[in-house]
Amino acid sequence: MDENLMMVWQKCLQFMRDNLNAAEDNSDLKKLEKSFDLLFDKVQPISLVENNLTLMVPSDFYKEYIEDNYLSLLSAALKKNIGKGVKLWYSVMENKPIGQEKPVTMNMKGKSVPTPKVQETMPQGFSSNIVNPFVVPGIKKVNIDSNLKADFSFDNYVEGESNKFAATVAKSIAKRPGATAFNPLFLYGGYGVGKTHLGQAVGLEVKSQFPDKVVLYLSSEKFIQQFISAAKAHKQTEFANFYQMVDVLIIDDIQFLSGKSATQDSFFHIFDYLHQNGKQIILTSDKAPVDIMDIQDRIVSRFKWGLSAEIKSPDLDTRKKIIEDKLSRDGIVLTEDMLDFLASEAKTNVRELIGVINSVIAYSTIYKSDLSLELLKETINKIAANQKKIINIPYIQEVVCDYFGIKREQLLSKTRKREIALPRQLAMYFAKEFTNATFTKIGEEMGGKDHSTVMYACETIKDVSKIDKEVKKYVKELTEKIKS
């Protein structure tokens, strides 16, 4: 490499580093400088011919990131140390064919920006390798599976007063993903009100209208598991690069990122990259953005960039529409009084309502009997009498939180305050007593706690309840509430 070119390049880097003044204090400035060094450490000048500067970069992503975030600062540095009219080129390294010693390169012309600017943040580290976290090791890589369910389409989504606004916005996004003001779309509401259905409906419509776009739906639990696996394998960069390929990212139950700082850092950079590049982000949660505890402020602020839409429990008319829509597709027609009865049986959420509907369909199919109001009531009553109460970890958490008057986010947080720590230990204890979940599984459900923490909690409650009257009272009363 030309020593003079390297000296000029080092001066350019120093000029850029000296002008990284976006940070408000020294600690932020150090982080910015570290990120800057991580990026440009893998960028090398290879030629300067007639004011044409060529930089070697590991991948297209480096080129794009420099162009989007550092070009104005780089332009100022080149003008100062080389002169006016410098044209920028990139030599992008591609994957090396088997048996070939030298890397393959592809020259790409850069662009120029007259006004210097400084980008506030940047992803931590980059790589030209893309690893699909959905592919099982040892199995041939395949195209990305969107994980969408065909039943969760707009055609099967019944609108009512409780969800009309959210549905209208979702349909608008499906026509122009990433190009509306509704990015991200943050859907929130209680359990089983149709958030997942609506989010997936957008994904299905985008896949139908724009087949080339990469659409991906997954739960936040899956995202967290993938990040942990990537971190253990030291492949966080590849993990981030995979998600940067996605055009429409739909993540369910984003509130479960609460308390997971490392995963939040990764999500933050993925979010920023997708948003800056016009990709659509759709998130669902059981809480509004401001009510999610133990989430970084910078992430909450980004949740508010687009639109937050609440989906409430369906009212009576909407529940009747859902029943009619579902049963008509199965060839079952009910009278008005029968519809009123079924709609009144499930008042809280859509999933409960679907359960009642499926029971009706099963009865009609198995017994091949004409349905009447009397038979419906008899069937529903039998189902209610025969149903055994399902006690799972979310239910136990709900009972404990209601008993102590705290929020679920507090229960899952990292705080060690006694008013939260004791209910958390009790919830872990009851989870072990009433479910078949392992210590590891309970820990995951309790905000990502280690299995040893769960074991300690169970032993503590057992021991303390023998000598502490207050704790003994808690155990007795909560046991009754959970069983009732």
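This is a predicted model: local features need pLDDT of at least 70, side-chain atom pairs count only at pLDDT 80 or more; totals for chains, interfaces and linings use all residues.
## Charges over rings

Residues are numbered from 1 along each chain as its sequence is written, and side-chain values use heavy atoms, with hydrogens and water left out.

## Aromatic pairs

A search of the whole structure gives 20 aromatic pairs. Rings of Phe, Tyr and Trp (its six-membered ring) pair if their centres lie within 6.5 Å; planes under 30 degrees apart are stacked, over 60 edge-to-face, and the rest tilted. Tyr-429 and Phe-430 form an edge-to-face pair, with 5.2 Å between centres and 70° between planes. Both Tyr-429 and Phe-430 are buried (under 20% relative accessible area with a 1.4 Å probe, protein chains only; exposed is over 50%, partly exposed in between).

Ring pairs also build a cluster, whose members include Phe-186, Tyr-188, Phe-223, Tyr-243, Phe-267 and Trp-305.

The largest nonpolar core has 31 residues, and Phe-223, Tyr-243, Ile-254 and Phe-267 have the most contacts inside it. Here a core is a set of buried Ala, Val, Leu, Ile, Met, Phe, Trp, Tyr and Cys residues joined through side-chain atoms within 4.5 Å. Among the elements that give two or more residues to this core are β5 (185-188), α7 (220-232), α9 (261-276) and β8 (280-285). Helices (H or I, at least four residues) and strands (E, at least two) are DSSP runs, numbered from the N terminus. The largest share of the core, six residues, comes from α9.

A second, separate core has 30 residues, including Phe-256, Tyr-429, Cys-458 and Ile-461.

## The parallel sheet

Which strand order does the open sheet follow? Its five strands run β6-β7-β8-β5-β9, with parallel pairing. Two strands pair if DSSP finds at least two bridges between them. β6 and β9 (307-310) are at the edges with a single partner strand each, so one side of each has no neighbour in the sheet. Neighbouring strands are turned by 15° against each other on average, direction ignored; the axes are lines fitted to C-alpha atoms, and angles run from 0 to 180 degrees between N-to-C directions.

Within the sheet, β7 and β8 pair in the parallel sense over four bridges, and Ile-250 stands opposite Ile-282 in β8. Four bridges also join β5 to β9, where Tyr-188 stands opposite Glu-310. On β9, Leu-307 and Ala-309 make up the covered face, whereas Ser-308 and Glu-310 form the uncovered one.

## Backbone details

A cis peptide bond, with omega about 10°, joins Asn-183 and Pro-184. Pro-184 lies in the loop between α5 (164-175) and β5.

Glu-50 has a positive phi of about 50° although it is not a glycine. This residue lies in the loop between β1 (44-49) and β2 (52-57). Is Glu-50 buried or exposed? Glu-50 counts as exposed because its relative accessibility is 73%.
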